[in-house]
Amino acid sequence: GEYGMGTIANELSLGYDCLGHIHSWFVQKSWFVAHDGSAIVIKNVICIHEEDNGVLWKYTDYRPNGRSRTIRRRRLVVSMVCTHANYVHLELSLLQDGDIEFEARLTGILNVYAHKGG
């Protein structure tokens, strides 16, 4: 677009923008091209973390002294936050069953502009 997702990217911080139950990783440096062609370096733009996502499967042995077993579902989340007159949060989730989910959220305050007619 006319703004460029890289030039409006936000630096993310662990514990606020990036939450994970096991590990959180940041892409340390990201390079983007500015409108004048120069390079822009922004730290911690992309966060990759793993989180719990409910029950993947449960098995119960019905025989006497049988045991049950529950396996939790995990998902790998890749996220980025960009400010485009409002906050835009982008999240890509890779699930264990092969599903891929994409979510875009508008998380900021509505930006309203006044325009003088004529």
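This is a predicted model: local features need pLDDT of at least 70, side-chain atom pairs count only at pLDDT 80 or more; totals for chains, interfaces and linings use all residues.

Reply: Residues are numbered from 1 along each chain as its sequence is written, and side-chain values use heavy atoms, with hydrogens and water left out.

Me: How many strands does the protein have?
Reply: Helices (H or I, at least four residues) and strands (E, at least two) are taken as DSSP runs, numbered from the N terminus. Read from that end, the elements run β-β-β-β-β-β-β. The protein has 0 helices, and its strands number 7.

Me: Is Arg74 buried or exposed?
Reply: Arg74 forms a salt bridge (a side-chain nitrogen of Lys or Arg within 4 Å of a carboxyl oxygen of Asp or Glu) with Glu50, the closest N and O atoms being 3.4 Å apart. Glu50 lies in strand E4 and Arg74 in strand E5, so the pair ties together parts 24 residues apart in sequence. Buried means under 20% relative accessible area, exposed over 50%, and partly exposed in between, with a 1.4 Å probe and protein chains only. Arg74, at 16% relative accessibility, therefore counts as buried.

Me: Which residue forms a salt bridge with Arg72?
Reply: Glu50, Asp52, Arg72 and Arg74 are linked in a network of salt bridges. Arg72 is partly exposed at 42% relative accessibility, and its closest N and O atoms in the pair are 2.8 Å apart, the partner being Asp52.
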